[in-house]
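Subject: A structure for you to look at

Hi there,

I am passing on a structure that is new to you. Please open it first, and then read my notes below.

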Amino acid sequence: MMNLFLTPTVTTLETFKKSLYNRIKLFILLGILGLCTMIAGLLPQFTNLIVLEDYLSGFLTGFGMTLLIASIIFTLRTLKIIRDEQKLKEERLKFQDERNIFIANQSLKVASLVMLICLYIAMIASAFINRHMLYCFLIPAFIFLGSYIIAILYFKKRY
């Protein structure tokens, strides 16, 4: 997960600290999204504004609560690292370790490939069931592939 939440151009402890603060901002955003999801799940219980089946309400509430709690835990862990100079140095060394970078990059490649294969299988299966389900799998596949192509073009010009 380190590739997803930190900038790769960390050279000093101060830039590493800044990237950790950016990570905290991302965790806070995820916490807010989790809170909104939890409220969306709880809203049908207390009002008639939204009608959801019980299992969907429970799913949204549980998923939102999990996201909120994970966000709080990761924010507190990151703040603990920032406040302790020794832990900050250790984390920076872990982050800059070429082996860890290689493992993280390979993991992202494998996860992306597995996601695309699963989307493809689900897309083919849903084509026989319901046309609207097909679009639910087709759109994320196109978004992923489109963002991949845009990222390649961007990074070719940047580097």
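A word on naming before we start: helices (H or I, at least four residues) and strands (E, at least two) are DSSP runs, numbered from the N terminus. This is a predicted model, in which local features need pLDDT of at least 70 and side-chain atom pairs count only at pLDDT 80 or more, while totals for chains, interfaces and linings use all residues. Residues are numbered from 1 along each chain as its sequence is written, and side-chain values use heavy atoms, with hydrogens and water left out.

Let me begin with helix 4. Lys94 and Glu91 both lie in this helix, three residues apart, which is about one turn of the helix. Side chains of opposite charge can pair when their charged atoms come close. Here Lys94 forms a salt bridge with Glu91, and their closest N and O atoms are 3.2 Å apart. (A salt bridge is a side-chain nitrogen of Lys or Arg within 4 Å of a carboxyl oxygen of Asp or Glu.) The structure holds one salt bridge. Lys94 counts as partly exposed because its relative accessibility is 46%, and Glu91 is partly exposed too, at 23%. (Buried means under 20% relative accessible area, exposed over 50%, and partly exposed in between, with a 1.4 Å probe and protein chains only.)

Next, how does helix 4 meet its neighbour? Helix 3 and helix 4 (residues 85-96) pack at an angle of about 105 degrees, with their axes 5 Å apart. (Axes are lines fitted to C-alpha atoms, for helices over the stretch in contact, and angles run from 0 to 180 degrees between N-to-C directions.) The two helices are therefore roughly perpendicular to each other. (Angles under 35 degrees count as roughly parallel, over 145 as roughly antiparallel, 65 to 115 as roughly perpendicular and the rest as oblique.) Lys80, Ile81, Ile82 and Arg83 of helix 3 meet Glu85, Lys87, Leu88 and Glu91 of helix 4 in this contact. (Contact means heavy atoms within 4.5 Å.)

Helix 3 also packs against helix 2. Helix 2 (residues 13-46) and helix 3 (residues 54-83) have their axes 7 Å apart, at an angle of about 160 degrees. That makes helix 2 roughly antiparallel to helix 3.

Leaving out residues up to four places away in sequence, Ser57 touches Gly41, Gln45 and Leu52.

Enjoy exploring!
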